[in-house]
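The following note sets out some points on the structure for a colleague who has not seen it before. Please read the points alongside the sequence and the coordinates.

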Amino acid sequence: MSLLGQGAFGSVFKEKIGGVTCAVKRIKNYDKEAMKEVVTLVQLDSKYIIRLRGFLLEDRERQLCIIMEYCGGGSLRRQLQALQRKSREVGMSEAAADR
């Protein structure tokens, strides 16, 4: 298990479950908003959205675990920033070629 990220509501870990690599979001002291996230994820079905693999409620520690498909390319923010940099570089090289 390795930490992928941390946010206001909990932490996300990379874990192997049944031989499959997953991203597991662990939310301590979950509330109605966290449960709404699970309900929404259950309803979504698109190749463009990370898939929910399951969820687990741990009553002893009042913890919600949301088990998601793992995508190894890093965060969406990092991917978009890299795309912006690449786009700027292409624009600069095209401008230099026009001179």
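1. Gln-63 is buried, because its relative accessible area is 5%; buried means under 20% relative accessible area, exposed over 50%, and partly exposed in between, with a 1.4 Å probe and protein chains only. Gln-63 is found in strand β5. Leaving aside residues up to four places away in sequence, Gln-63 touches Arg-26, Ile-27, Lys-28, Tyr-30, Leu-56, Leu-57 and Glu-58, where contact means heavy atoms within 4.5 Å.

2. The model is predicted: local features need pLDDT of at least 70 and side-chain atom pairs count only at pLDDT 80 or more, while totals for chains, interfaces and linings use all residues. Residues are numbered from 1 along each chain as its sequence is written, and side-chain values use heavy atoms, with hydrogens and water left out.

3. Ile-27 lies in strand β3; helices (H or I, at least four residues) and strands (E, at least two) are DSSP runs, numbered from the N terminus. Ile-27 is buried, since its relative accessible area is 4%. Not counting residues up to four places away in sequence, Ile-27 touches Phe-9, Ala-34, Arg-62, Gln-63, Leu-64 and Ile-66. The C-alpha atoms of Ile-27 and Gln-43, 16 residues apart along the chain, are separated by 20 Å.

4. Which residues make up the largest nonpolar core? The nine are Ala-23, Ile-27, Tyr-30, Ala-34, Val-38, Leu-41, Leu-64, Ile-66 and Met-68. Two or more residues of this core come from each of β3 (20–28), α1 (32–43) and β5 (63–69). A nonpolar core is a set of buried Ala, Val, Leu, Ile, Met, Phe, Trp, Tyr and Cys residues joined through side-chain atoms within 4.5 Å. Val-38 touches Leu-52, Phe-55, Leu-64 and Ile-66, not counting residues up to four places away in sequence.

5. β1 and strand β2 (residues 11–17) run antiparallel and are joined by four bridges; two strands pair if DSSP finds at least two bridges between them. The hairpin from β1 to β2 passes through four residues.

6. The lining of the largest pocket receives at least two residues from each of β1 (2–6), β3, α1, β5 and α2 (76–98).
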